[in-house]
There are 2 protein chains.
Amino acid sequence: MPPFLSGRFWRAVFTRTRGERLWAGHRRASGGPGCRWDALAGADVLRAEPDRFGGISVHLERFRALDRLDAASFQKVLQAAIQQWRSEGRIAVWLHIPILQSQYIAPAASLGFCFHHAESDSSTLTLWLGEGPSRLPGYATHQVGVAGAVFDENTRKILVVQDRNKLKNMWKFPGGLSEPGEDIGDTAVREVFEETGIKSEFRSLLSIRQQHTNPGAFGKSDMYIICRLKPYSFTINFCQRECLRCEWMDLHDLVKTENTTPITSRVARLLLYGYREGFDKIDFTVEELPAVYTGLFYKLYHKELPENYRTMIGMD
Amino acid sequence: MPPFLSGRFWRAVFTRTRGERLWAGHRRASGGPGCRWDALAGADVLRAEPDRFGGISVHLERFRALDRLDAASFQKVLQAAIQQWRSEGRIAVWLHIPILQSQYIAPAASLGFCFHHAESDSSTLTLWLGEGPSRLPGYATHQVGVAGAVFDENTRKILVVQDRNKLKNMWKFPGGLSEPGEDIGDTAVREVFEETGIKSEFRSLLSIRQQHTNPGAFGKSDMYIICRLKPYSFTINFCQRECLRCEWMDLHDLVKTENTTPITSRVARLLLYGYREGFDKIDFTVEELPAVYTGLFYKLYHKELPENYRTMIGMD
């Protein structure tokens, strides 16, 4: 299937059915009488781009003359296009709509489109044309929260806070949501500093919690990760808006207190185990590796491999 | 601040400025002349609900008479409301819009609203009214993919596939994206079965990879988790649409081959380490615990704690 075939189709639809009126305003801009066809074939025309999975993408922001089209006319044009795409064997349509062109969302929804996602100033709608239930990939399903268990091996003290906004004042580790694009360890270090004023560095990943249909995550899932951090400043200067209390507590006291959450208590025990018998017993350490296809790098966390298993020298 | 104060404000705005015309159609339905005021005060009226963080939520689907309001009028009403909310000291507005009422999105955007998220048949827009940059929580930032490393301890064989849709045919573990609300281990077991026909059960979490601005994740982040699974069926019946090849490979061969991804090779070495020296060396095991605030349960993954650290009996 040659690229932009469906772009040609859209041009044909516009020209055949409503082009005269719809494109009248555009004609003027493109150089006077006789230029309408050039304008229609130009870069301003809507591009429907096929993808390698048999779907097609339409970006309304590339279709600059669209603002001359009312919602009802758009619906007719889209309906004709869908018919054409079906006949071409397309399995899905991705419709990208800038927020200021949102008047075209409801007409698309009337034809079966629904939101795939929206963010900031644009939305993406999809329509599945293939057989059976949709096989389109979903959007992001999880928010990621990270807490830092800042443990000072020299004093056996651990940094704990009580949230200002919670109903029960339980001791827990400082933490919060990852910013978009932020690494797990960076979130832990940032949140610890913002909440408590303590500077620290990432050591390892200790625990992962997965929770679903979370009210605080707009009904999505929540991944909550606890990291082990090593402090390099010790004077607490906690955020009054977020925290009620903040202190360095003896690790034994945190293990024994009932005034804490089950996950904090569990991680306190893990830390005590690591403190006494070696942190390699409890840590997932991190390494940066290259991605095969994208040329990007990623962070990989797992139990540290002994040197001979990394190199496999003499391991036959 | 009493609840629904701003609901009263909206009613006042409608009544004062456009109520006569806007609500004319509605009047008839609610019992003839003289009933307009009752209708305005009734359950059909838009409810602006304050939250405990100083924000306010407006659900357009609860405002059934809204379809009589054109986009320009909606913008005027919303503008007046924002002014009122500012004067009340509100710090944020959450505007929930059903997909078929999307004609109100662009007018809201003109007043500074932008998409927080959208899914299926509704969108949510936000406007920050507080001081400084927005402190509103973001939406889901990660998709979660899970792969299953299905290892048969009796034969030292590991289940591997080659993707049909990748440019390089490298051996890797079968896997795919988590469905909304699906637990990590369940995704691994489901994807392994769908891709290879092999039945298995979850044993542990071995590795976590975090990657950002992922093209396959619509520019969001990707969390990719590899689990150790134990097979209980062995006859391969692989999905022709997804896989090019599928086989049980000796773990040593997977460790040594160059025809694999860095992450697969790394996890193969981890498995060899665990196979020889005990899987407790490499596993994060799972447990279900109760959440403190929501009454829900969650899955918690970490290095298994020795019994005496779990109970703390005799551990002073």
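A: Let us begin with Arg156(B), which is placed in the loop between strand E6 (142-152) and strand E7 (157-163) of chain B. Please bear in mind that this is a predicted model.

Q: What is the phi of Arg156(B) near?

A: The general idea is that most residues other than glycine have a negative phi. Arg156(B), however, has a phi near 60 degrees, a positive value in a residue other than glycine. Its relative accessibility is 25%, so Arg156(B) counts as partly exposed. Ser120(B) also has a phi near 60 degrees. That residue is found in the loop between strand E4 (114-119) and strand E5 (122-128) of chain B, and Ser120(B) is partly exposed at a relative accessible area of 37%.

Q: How should I read burial: is Trp171(B) buried or exposed?

A: A residue is called buried when its relative accessible area is under 20%. Trp171(B) has a value of 8% and is therefore buried. Trp171(B) belongs to strand E8 (residues 171-172) of chain B. Beyond its neighbours within four places in sequence, Trp171(B) is in contact with several residues, among them Val160(B), Arg245(B), Met249(B) and Thr264(B). By contrast, the C-alpha atoms of Trp171(B) and Ser123(B) are separated by 41 Å, the two residues being 48 apart along the chain.

Q: Which residues have the most contacts inside the largest nonpolar core?

A: They are Trp85(A) and Trp85(B), in a core of 54 residues. There is also a second, separate core of 42 residues, including Ile198(A) and Phe284(B).

Q: What area is buried between chain A and chain B?

A: The area is about 8,500 Å², and carbon and sulfur atoms give 64% of it. In this interface, 98 residues of chain A are in contact with 98 residues of chain B. Polar contact is found for 28 residue pairs across the interface. On the side of chain A that touches chain B, helix H8 (residues 262-277) of chain A gives the most, with nine residues.

Q: How many salt bridges are there between chain A and chain B?

A: As a general idea, side chains of opposite charge can pair when their charged atoms come close. The count between chain A and chain B is four. In one of them, Glu287(A) pairs with Arg266(B), with the closest N and O atoms 2.3 Å apart. Lys220(A) and Glu119(B) also meet in a salt bridge, at 3.1 Å from N to O. Lys220(A) is buried at 10% relative accessible area, whereas Glu119(B) is partly exposed at 38%.

Q: Where do Glu179(A) and Arg190(A) lie?

A: Glu179(A) is in the loop between strand E8 (175-177) and helix H6 (184-196) of chain A, and Arg190(A) is in helix H6, so the pair ties together parts that are 11 residues apart in sequence. Their salt bridge has an N to O distance of 3.9 Å. Arg190(A) also forms a salt bridge with Glu194(A), at 3.4 Å. Because Glu194(A) and Arg190(A) are four residues apart in helix H6 of chain A, about one helical turn separates them. Arg190(A) is buried, at 19%, while Glu194(A) is partly exposed, at 40%.

Notes. Residues numbered from 1 in each chain as written. Chains lettered and ligands numbered in written order. Predicted model: local features only at pLDDT ≥ 70, side-chain atom pairs only at ≥ 80, totals over all residues. Heavy atoms only, no water. Core = buried A, V, L, I, M, F, W, Y, C linked by side-chain atoms within 4.5 Å. Buried < 20%, exposed > 50% of the residue type's maximum accessible area, 1.4 Å probe, protein only. Contact = heavy atoms within 4.5 Å. Buried area = accessible area lost by both parts, 1.4 Å probe. Salt bridge = Lys/Arg side-chain N within 4 Å of Asp/Glu carboxyl O. Polar contact = N/O pair within 3.5 Å; in protein donor to acceptor, adjacent residues only side chain to side chain. Helix = DSSP H or I, 4+ residues; strand = E, 2+ residues; numbered from the N terminus.
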